[in-house]
Amino acid sequence: MPAFQTSPGMRDILPADTGRWRRLNAVFADVVGAAGYGQIITPLIEDVGVFTRIGEATDVVTKELYAFEDRGGRHVSLRPELTASVCRAFAQHRPAALPWKVWYSGPNFRQEKAQRGRYRQFDQVGVEVLGVDDAHLDVEVIALAAEFYRRLGLTQVNLVVNSLGEPEDRAAYVAALETYFADADLTEQSRSTLAKNPLRVLDSKRTEDAEAIAGAPKISDFYSTEAAAHFDMVQAGLVRLGIDFVVEPKLVRGLDYYRRTIFEFQGGTLDSAQNALGGGGRYDGLVEALGGPATPGIGFALGVDRTLLACEDEGVFAEESAPLDAFVVDVVGGQEAAAVTAELRNAGLSADRGYDNRSMKAQMKLANRSDARFAVIIGEDELAADSVVVRPMARDAGDQQTISRSDLISHLKETLDLS
Ligand code: AMP
């Protein structure tokens, strides 16, 4: 066992898997870029206050922050999510044109108990739109996430939506929940959740809590006229776009600042405790809490790790191996390979080579393992004649050919159909 290994909940993503990460990000950038969203890159470290504004009653803030004092005595934290950072950026830069539509991608850090699909460093892709309250925007944002999953090839993703109403509706509902749960049969853990954040009791997956939760008051009985109208428009918009969804009155979201529309995408193939592929909703008050003007917002964050697990389960969006165009084998000292690989790469072809002046046999073995389309071989005879041997490898039929060095690039491009 080596002296050092990744810390609990942290992983290396190795070259065999990083291609999928890159492609996933590219698909996401494509989908949201085509809808007018611009990329935002915020720091991994912020003043801890940026994140405590998310809500003192959330696990993310109370238990999971990687917060510390830096050498300048500043209280900072690794970011646990990106919505707060985006709102901080909005309050700081005050973009004039609204709505401000941004997308992001990158790692977050939460000191959680690690298990499959739950890590301490995990990546998300997401969007936030600030400055507009229109229900059509809720539909647009949900539709973008749905389109992203569709483009990955996922079919077993279920969209659940709910509305938490206006802040006053929500407050009345929370009071009703408190009264109801006070006499209900709840587990010890849920009792303690009740004291901190009554809405989150609805989130309990413990079977002992199920009966009490099933009989709990429903948020829909507390909607104001505006909240009901907004939610109706969102549902009508989703129907109009042909996006399937289920209204789940017990859906709540972890963070305190949500209002009106909230939604979650659940992976049909994942364990229920980790089946949330991503989610989001409309929020108010966060920009203001971070020193900006009162600004409505809506967004979502989708977990990259769980999305890729769902892809594996469904057998879609597999790693694609892109074979190299050429592997250069030089048995006359290595200088020729250096020159030829550089020429090939500069001409836009992908090429690798053998090192350490190893034997022909050893280098051909490497060429095979590299899965290159062609081996380009330079021995004494070729050096003398200013030529190379081009040998098709496993993927291509045909005999090897000796061609002049100066024709190599055009020959390969033609054979690879790249010209
Ligand atoms: P949240 O920011 O908590 O709303 O989470 C949004 C999405 O990020 C979730 O649905 C997950 O897919 C993903 N996610 C959240 N926490 C973790 C974690 N600890 N490990 C892996 N993915 C996570």
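Strand β10 gives the most to the shell around the ligand, with 3 residues; strands here are DSSP E runs of at least two residues and helices are H or I runs of at least four, numbered from the N terminus. The model is predicted, with local features requiring pLDDT of at least 70 and side-chain atom pairs pLDDT 80 or more, whereas totals for chains, interfaces and linings use all residues. Residues are numbered from 1 along each chain as its sequence is written, and side-chain values use heavy atoms, without hydrogens and water.

At least two shell residues come from each of β6 (121-130), β10 (276-283) and β11 (297-303). In total, 14 residues surround the ligand, the closest being R110, E112, Y119, R253 and A276 (a heavy atom within 4 Å).

A polar side-chain atom of E112 lies 2.5 Å from a ligand nitrogen atom. Polar backbone atoms also take part: one of A276 is 2.9 Å from a ligand oxygen atom, and one of L277 is 3.0 Å from a ligand oxygen atom. The protein covers 89% of the 480 Å² of accessible area that the ligand has on its own (Shrake-Rupley method, 1.4 Å probe).

Helix α6 comprises residues 167-182. Its buried residues (under 20% relative accessible area, 1.4 Å probe, protein chains only) are D169, R170, Y173, V174, A176, L177 and F181. Seen down the axis of α6, these fall within an arc of 165°, so they line one face of the helix; the arc is taken from the directions from the helix axis to the C-beta atoms. On the other side of α6, E168 and T179 are exposed (over 50%).

Conventions:
A polar contact is a pair of N or O atoms within 3.5 Å; within protein, one must be able to donate a hydrogen and the other to accept it, and residues adjacent in sequence count only if both atoms are side-chain atoms. The expected span of a helix is 1.5 Å times one less than its number of residues.
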